[in-house]
Structures are given as C-alpha cells and as structure tokens.
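Me: I have not looked at this structure before. Could you walk me through some of it?

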Amino acid sequence: MMIDLNPIPVTQADVSALKPGIHDPIVFGKNPTSHMLQAVFSDGSWNSAAIVPFGDITLSPLALCLHYGQTVFEGFKAYRHAAGGISIFRMERHFQRINQSLYRMAMPELSEELFLKGIRQLVALEKDWVPSDPDASLYIRPFVFASEPRLGVKGASEYRFMVVCMPMGKYYDQNVSVKVETGFVRAVDGGTGAAKCGGNYAAAILPTQLANREGYDQLIWTDAIHHEYMEESGTMNLMFVIDGKLITPALSGNILDGVTRDSILTLAQDLGIPVEERKISYRELIAAFEAGKEIEAFGVGTAAVISPIDRIGINGKDYFPSVQDDCLFYSLKNELQDIRTGKVRDRHGWNTLV
C-alpha cells in the first residue's frame with residue numbers, strides 16, 4: 001500500500017551517524033540512525049511534529065512518566081527488497097495496537113496521519129540504514145510517554161511521541177531454552193497484559209534473571225490463577241505444533257495481540273495447516289512428550305520473528321522439542337520472510353512501500 005501525505009518538517013543532521021561497517025556485525029539496540037521523529041501533545045491535540053537529528057532529550061525530574069509509569073511503545077521493521085526497494089511491514093496493524101495500548105494506559109491516541117506519514121518519511125530519510133542482508137532489517141521503535149512536570153497520580157496534560165530506528169540482525173542467534181514459570185506471573189485478568197507498556201517488561205526482569213541463573217534463556221509465563229495454562233514466552237507469543245496442528249494460546253487481556261503471531265496464523269491457514277487458538281496446559285504438553293509425540297515449540301515476535309525452542313524446563317525436568325530442518329516453523333518463517341522482502345507476492349497487502 002502507498003501513503004501520499006504532505007511532508008513533516010525535517011532538520012537534517014550535520015553529520016550522518018552511518019559509518020562503514022556499522023551493519024557488520026549488527027548489535028541490536030546500540031546503533032540509532034541519524035534522525036528521529038517527535039511530536040508533543042498539549043492543549044488537547046498532537047502538534048509540533050518534526051524530524052530532527054537524533055540526540056538526547058531534556059525532561060523535568062517531575063515528569064510523570066518517571067514516577068507513575070505512563071509509557072507505551074511499539075516495535076516493527078522495514079526490509080530491503082531483493083529488487084532494491086524498501087517496505088515497512090504491517091505498520092497499520094501496529095498503529096492500531098499502539099492506540100489500544102494508549103487507551104488502556106489513559107494516554108492520548110495518535111492520529112493515523114502523524115503515525116503513518118511520520119514513520120514512512122523517517123524511514124525514507126534513513127533508507128541507507130536498511131541492511132541488505134536478508135536476515136537483517138531496520139527496527140522501528142515508536143513510543144509515547146507522559147512528560148508533564150508535576151507529581152500526582154493522574155493522567156498527564158502533556159505527552160511526547162517519538163520514533164527512533166536502528167539496524168538489527170537476528171534477535172536470538174541460536175535456539176532458545178525456556179523454563180515454565182509457575183511462581184511469578186506476567187499478567188492477570190483485568191490488568192495490562194495486552195498493552196505494550198513499560199511496566200510489563202520491567203516486572204519480567206527479575207524472574208527472567210532467576211531463570212538465566214538456572215541455565216534458561218527465557219520463561220514461559222503461566223496464568224495467574226492456576227499457574228498452569230501457558231500464555232507467553234518471555235517477550236514473544238508462544239506456539240506449538242502437536243499432531244500436525246499449530247496450537248497457540250487464545251488472545252485474552254493477559255496476552256499481547258502480536259502482529260507476528262497474527263501473520264503466522266494467517267500464513268498457516270493459507271498453507272492448509274490446522275490452527276487451534278485455545279488454552280494449553282503445561283500438563284498437556286508433558287503428556288504429549290511422554291507419549292512420544294513429535295512436538296515443535298517456538299516463540300514469535302517482531303524482534304525475534306520465529307525463535308525455535310529446543311529445551312523446556314517444567315517442574316525441574318527438561319523436555320526437548322524438535323528443531324529438525326523439516327520442522328513446520330521453518331516453512332512458516334521462510335514464507336513470512338519472503339513476503340517481507342518482496343520475494344513473493346504480498347497477497348495480504350501487508351507491506352507499505354517507501
């Protein structure tokens with residue numbers, strides 16, 4: 001899809017931050033591009049939109065985001081096509097999701113024009129930062145935070161919207177091991193689990209560190225009531241293949257409505273793969289392993305794309321899903337990547353051309 005909107009004012013950086021070799025190797029999160037998008041919400045509307053050189057920002061120590069956690073973010077990617085063009089993957093779906101998160105956190109929603117126009121223009125400006133490696137991409141991080149300088153537990157009267165970009169390669173460079181977590185919880189019914197807000201991620205750091213000490217890369221979160229039904233895997237949505245069926249936890253207020261999750265489910269249905277969105281207990285998983293069934297397990301997310309899980313720790317015992325070359329998740333990953341990079345027809349209209 002193409003977006004034809006009037007341009008946002010741009011202040012060019014004096015010196016580009018793009019240096020020879022900056023794409024090799026790519027270290028995620030450390031190499032921002034030369035420019036960023038910003039806008040301010042005040043007097044009831046978003047204004048002062050501009051693309052400016054990347055740089056530090058100034059906040060009052062009283063800024064409400066620093067005290068009460070009104071922060072929301074998104075993450076998606078731009079890809080260089082085999083023919084040389086650049087596209088942004090499913091940005092309209094990410095626009096919808098950031099506004100859902102903003103609503104849940106009592107923050108002002110963004111306009112479609114500001115989000116789509118601003119990000120498309122920013123990516124076009126930073127086109128030289130988009131890697132040509134098929135396993136790499138330009139990561140796009142929009143975020144909103146309360147900037148009003150005043151203490152008090154309330155919705156702010158001033159917010160900032162910003163977008164930064166950076167090249168990235170594989171989020172995980174190998175298969176991951178996970179531990180089923182039955183003590184700590186990520187989210188509860190009625191909470192903020194379905195919102196992409198900073199507090200959800202902060203609360204996950206300690207349990208993840210404890211799992212790391214036990215030799216696991218990430219966690220599989222279970223529900224807060226029974227500590228039995230699996231919900232997410234670390235920062236990713238969770239999927240299994242059992243008896244040829246693709247099974248994933250059904251969306252709820254506890255689970256992030258992942259865009260990669262939705263994309264994989266759509267592609268699975270295109271390929272005639274049976275799909276089940278439902279509750280899945282770790283006890284069911286144990287029974288499948290003990291019955292000798294062939295099981296695939298993997299996490300899906302924007303940064304990680306598809307990350308194969310090769311070890312699952314449950315109540316002190318390890319189980320080992322298949323990660324063979326003929327696994328179904330590889331077919332789904334390749335199909336998704338071919339759409340993102342323009343190798344096959346974008347039959348669902350997911351790519352926004354830059």
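Me: Let us start with a strand. In β17, which residue is the bridge partner of Ser-87?
Reply: Ser-87 has Leu-353 of β17 as its bridge partner. Please keep in mind that this is a predicted model.

Me: How many bridges join β5 to β17, and in which sense do they run?
Reply: Three bridges join β5 to β17, which covers residues 351–353, and the two strands run antiparallel.

Me: What lies between β4 and β5?
Reply: Five residues separate the strands of this hairpin, and Gly-84 takes a positive phi near 110 degrees.

Me: And the side chains of β5: which point which way, and are they buried or exposed?
Reply: Ile-86 and Ile-88 point one way, Ser-87 and Phe-89 point the other way, and all are buried. In a regular strand, side chains alternate between the two faces of the sheet.

Me: Which residues touch the most other members of the largest nonpolar core?
Reply: They are Trp-46, Leu-110, Phe-115, Ile-119, Ile-140, Val-144 and Phe-161, in a core of 50 residues. Elements that each supply at least two residues of this core include β4, β5, α2 (91–104), α3 (112–125) and β7 (159–168). The largest share, eight residues, comes from β7.

Me: Changing topic to α7: how far apart are its end C-alpha atoms?
Reply: They are 19 Å apart. Helix α7 has 13 residues (328–340), and at 1.5 Å a residue it should span 18 Å, so the two values agree.

Me: Which residues of α7 are buried?
Reply: The buried ones are Leu-328, Phe-329, Leu-332, Glu-335, Leu-336, Gln-337, Ile-339 and Arg-340.

Me: What about the residue Gly-342?
Reply: Gly-342 follows α7 and has a positive phi, near 75 degrees.

Me: How do the axes of α5 and α7 cross?
Reply: The axis of α5 (residues 259–270) comes within 10 Å of that of α7, and they cross at roughly 105 degrees. That angle makes α5 roughly perpendicular to α7.

Me: Which residues meet there?
Reply: From α5 come Thr-260, Ser-263, Ile-264, Leu-267 and Ala-268, which meet Leu-332, Glu-335, Leu-336, Ile-339 and Arg-340 in α7.

Key: Residues are numbered from 1 along each chain as its sequence is written. This is a predicted model: local features need pLDDT of at least 70, side-chain atom pairs count only at pLDDT 80 or more; totals for chains, interfaces and linings use all residues. Side-chain values use heavy atoms; hydrogens and water are left out. Buried means under 20% relative accessible area, exposed over 50%, partly exposed in between (1.4 Å probe, protein chains only). Helices (H or I, at least four residues) and strands (E, at least two) are DSSP runs, numbered from the N terminus. Two strands pair if DSSP finds at least two bridges between them. The expected span of a helix is 1.5 Å times one less than its number of residues. A nonpolar core is a set of buried Ala, Val, Leu, Ile, Met, Phe, Trp, Tyr and Cys residues joined through side-chain atoms within 4.5 Å. Axes are lines fitted to C-alpha atoms, for helices over the stretch in contact, and angles run from 0 to 180 degrees between N-to-C directions. Angles under 35 degrees count as roughly parallel, over 145 as roughly antiparallel, 65 to 115 as roughly perpendicular and the rest as oblique. Contact means heavy atoms within 4.5 Å.
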